[in-house]
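Morning, everyone. Let's take a walk through one protein model, with the picture up on the screen.

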Amino acid sequence: MRTDAAPAIRLEDYRPADYLIDTVELDVRLDPARTRVIAELGVRPHPAGRVGAPLALDGDELTLVSIALDGLALSPNAYEASAQGLTLISPPERPFRLTIETQLDPTSNTKLMGLYRSSGVYCTQCEAEGFRRITYFLDRPDVMSVYTTRIEADAGDAPVLLGNGNPGARGVLPNGRHFAVWSDPHPKPAYLFALVGGRLGRVGGEFTTRSGRRVELGVYVEPGKEDRAGYAMDALIRSMRWDEETFGCEYDLDVFNIVAVSDFNMGAMENKGLNIFNDKYVLASSETATDADYAAIEAIIAHEYFHNWTGNRITCRDWFQLCLKEGLTVFRDQEFSADQRSRPVKRIADVRTLRAQQFAEDSGPLAHPVRPSTYREINNFYTATVYEKGAELIRMLKTLVGPEAFKAGMDLYLNRCDGTAATVEDFLACFAEASGMDLSHFSLWYRQSGTPSVAVRSHYDAQARTLRLDFAQSTPPTPGQPEKSPVVIPIRLGLVGRGGAALALTPADHEPLAEGLFVLDRTADSITFRDVPVVPVPSLLRGFSAPVRLEQELSSEDLLTLFRHDEDPFNRWQAAQSYAMRLMVRAVEAVRSQTTPELDPAFAQALGELLAHTEDHAFAAQVMALPSEADVARELGRDIDPDAILAARKTLRAHVGSAISEQLARTYEALASREAYAPTAQAAGRRALRNAGLDLLAAGDPERGVPLAEAQFATADNMTDQIAALGVLAQHPGPAREAAFQAFGERFSSDPLVLDKWFGLQAAIAETGTLDRVRGLMRHPGFSLSNPNRTRALIGAFAMANLSQFHRADGAGYAFLADIVLQLDGANPQLAARLLGAFRTWRSLEPVRRGGAETELRRIASREGLSTDVSDIVTRSLA
Ligand code: TRP
Ligand code: ZN
């Protein structure tokens with residue numbers, strides 16, 4: 001095992017910087033391989049810092065050209081400089097100006113952090129620690145400065161020059177060069193700095209804020225793709241309006257620009273006034289983007305825009321507080337999408353993601369609290385736990401204090417903490433004050449990792465007409481946290497009569513439940529309801545009111561009662577999922593004991609009924625999407641055999657599909673569209689249900705379903721229907737499938753984002769030939785390991801969306817991924833570390849696969865010179 005691991009950074013060691021940098025004047029002379037950056041920093045000793053301390057500026061792979069203090073070149077013995085940092089040994093004990101010149105090579109910056117080029121466009125990514133790859137700096141979020149940026153470039157190479165804030169002077173220079181000056185009046189941490197220079201097409205728009213500020217909006221894309229930028233602009237305008245109406249947040253500059261680039265490590269970045277996006281989350285047309293793409297674009301445009309208040313105006317004191325901006329901003333974008341589309345369907349989709357990503361993370365070796373207390377590589381903490389569980393904590397807070405106090409708490413936070421670098425404590429204090437509640441116990445959610453389980457037993461006394469619910473919570477141990485304490489769990493509940501009527505909630509031993517909310521804050525607690533005329537079905541954790549696992553003993557009949565009658569749509573969906581999960585688990589047991597699973601006609605029949613009567617297509621589509629293989633693996637929890645899960649799921653889907661094939665075929669006919677494509681929630685819901693039905697029909701009755709899929713593939717006038725058809729064909733081996741893949745690959749050979757879908761579908765085929773197919777696709781001219789979208793589409797889909805093939809019993813899937821991780825680590829460690837995350841559930845596998853995964857993890861760990869990113873993940877995975 002390596003011993004030269006990066007040191008652990010600890011929350012408890014936080015102290016303010018010894019110096020502050022009030023102003024930054026940057027002069028950036030862009031050049032493909034020799035960019036010059038002159039930074040003039042206005043520095044002063046921090047009033048709370050150590051007097052006379054050295055000034056230790058961060059750097060990363062930097063080349064220092066010159067350094068001057070108050071205009072005079074510094075003598076070489078006054079400082080120490082390396083690629084990793086620059087230290088002034090005894091700086092003046094008064095304000096001073098430091099002028100630092102560095103030289104960069106953006107063309108060979110393959111890490112996509114700092115200043116780099118993407119398809120010839122100069123762009124930057126500074127979160128979390130990328131600014132130190134541009135100039136030496138106090139690269140920490142509690143050092144906030146006012147920036148002025150002068151950008152100079154070849155006018156032909158980079159006619160468009162963009163920076164943070166408002167535009168200032170521009171002009172033409174000799175030798176075909178030009179410049180533009182941007183100034184951002186709002187003090188900000190270095191991670192929010194950005195600049196862009198390149199040949200870009202522009203789609204313009206405008207927005208007038210509530211208080212009358214006219215804001216000029218721009219979406220910049222690759223020239224020729226302007227016709228795919230309209231939806232992003234529309235989503236931006238809707239986001240700006242919504243944030244004013246819902247949170248009272250107004251925009252605060254005269255321009256707001258979004259730039260789409262094709263090489264980007266994450267989804268997008270909220271740089272002040274200049275958001276930079278992965279082009280996948282900007283570009284959309286009906287021929288190239290699916291309904292899911294449109295929804296993701298809307299959500300991410302909103303997310304980055306909402307950061308302007310929750311992230312930028314109020315930023316994080318240190319990176320341990322990452323959830324302060326990310327959890328809150330995810331909550332805000334989820335609420336936005338819920339208001340724009342269907343609230344219950346959005347909630348179901350978000351809970352699916354939470355369980356698939358965060359629950360998986362929380363039950364394995366990479367589990368960590370929403371606010372971690374230690375890290376070695378901050379890039380590895382942009383996780384489902386920080387983002388999605390972080391958003392769940394905000395949602396629970398709102399549930400616990402109520403909507404009015406939540407609003408008051410947000411107003412207080414936005415006012416009191418504006419312009420500061422804040423902590424989770426600062427945030428919670430606002431809600432404690434606004435609600436008068438003590439939130440100290442609630443705050444444990446931020447420090448304790450692991451997914452709590454809530455076990456519920458119900459006792460009905462027919463004589464006394466009472467129902468007692470006994471609750472017990474427990475959280476399994478996680479790395480570094482062997483002992484757990486009970487947390488505050490808001491449980492929304494109701495009682496459903498056998499005929500479906502909602503029963504009154506009249507507690508006998510407890511104050512009345514406001515809005516049906518029971519708060520479990522001890523290891524065990526119970527509540528008794530009186531005047532319960534019949535034995536009811538408890539509907540618990542409505543709307544998924546807390547991120548916990550619920551263990552409730554319900555009969556199949558109880559589940560059907562909830563599925564048919566619960567007034568809470570989330571729990572209607574949950575009842576169907578629970579029922580399907582129960583059947584899947586039984587089918588896995590049957591496969592493993594080589595017996596035939598008994599099939600249960602009641603479940604299929606209930607789905608058929610839903611199809612016949614539903615008016616909410618998107619909701620019904622969510623019901624029809626039965627638990628995935630990964631869902632079943634999580635439910636089983638240990639000794640996982642992916643082949644058995646695959647076989648069981650196939651059997652069950654075939655059974656359900658054939659039992660209701662008539663209804664499925666009728667639905668398919670009935671939902672055919674007679675209108676031109678529009679990415680509205682309504683139309684998307686129809687397509688989702690129609691395509692989910694087709695998928696199930698092809699599973700249950702291939703003779704009927706597969707030809708329908710072939711016809712749909714050939715005639716679809718939009719990408720949603722076309723890719724759905726190809727997805728169905730992908731599961732049915734044969735010449736028709738190969739011909740369809742061939743045709744699609746040729747048709748979209750010059751459209752990388754569409755080709756990504758094609759890579760992903762092939763990588764997800766659950767057949768032994770897939771690994772070879774993936775190897776072959778890596779040689780496709782449209783593929784490149786240096787582009788994160790391509791790599792995630794092909795390699796990421798194989799490792800994360802193909803349970804049975806990544807986890808092949810012979811270990812070939814693991815060896816393949818390990819080779820790629822090692823190959824990528826030198827060029828793009830952040831991407832390599834993300835891919836390595838596919839091993840996060842390895843300990844829950846059956847012994848042969850567990851052994852195979854461990855072998856590959858150890859092989860990676862033994863490699864010399866690993867990046868901090870990969871070494872951190874592999875070390876924690878093996879711990
Ligand atoms: N802050 C970005 C967000 O909105 C996340 C992000 C984008 C990021 N690019 C990054 C984080 C690069 C780390 C590295 O969620
Ligand atoms: Zn974010």
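**A walk through the model**

Q594 sits in the loop between α10 (569–592) and α11 (601–613). Helices here are DSSP runs of H or I with at least four residues, strands are runs of E with at least two, and both are numbered from the N terminus. What is the phi of Q594 near? Phi is near 50°, a positive value in a residue other than glycine. Most residues other than glycine have a negative phi, and most peptide bonds are trans.

Some ground rules. This is a predicted model, where local features need pLDDT of at least 70 and side-chain atom pairs count only at pLDDT 80 or more, while totals for chains, interfaces and linings use all residues. Residues are numbered from 1 along each chain as its sequence is written, chains are lettered from A and ligands numbered from 1 in the order written, and side-chain values use heavy atoms, with hydrogens and water left out.

Next, a peptide bond. E127 and A128 are joined by a cis peptide bond, with omega about 0°. A128 lies in the loop between β11 (121–125) and β12 (144–154).

E127 leads us to ligand 1. Which residues come nearest to ligand 1? Of the 15 around it, they are E127, A268, E270, E304 and Y387. A residue counts as near if one of its heavy atoms lies within 4 Å. By class, this shell has six nonpolar, four polar and five charged residues. Ala, Val, Leu, Ile, Met, Phe, Trp, Tyr, Cys and Pro count as nonpolar, Asp, Glu, Lys and Arg as charged, and the others, Gly among them, as polar.

Now the polar contacts: pairs of N or O atoms within 3.5 Å; within protein, one must be able to donate a hydrogen and the other to accept it, and residues adjacent in sequence count only if both atoms are side-chain atoms. An N or O atom in the side chain of E270 is 2.7 Å from a nitrogen atom of ligand 1. A polar side-chain atom of H303 is 3.3 Å from a ligand 1 oxygen atom. For H307, the distance to an oxygen atom of ligand 1 is 3.4 Å, again from a polar side-chain atom. The elements giving two or more residues to the shell are β20 (268–269), α2 (291–306) and α3 (322–340).

On to α4, residues 343–362. At its start, a side-chain oxygen of S342 comes within 3.2 Å of the backbone nitrogen of V345. Further along, α4 bends by about 30° at R355. That bend is the angle between axes fitted to the seven residues ending there and the seven starting there.

Last stop: residues 557–879. The chain there is 72% helix and 0% strand, with end C-alpha atoms 44 Å apart. Thanks, everyone.
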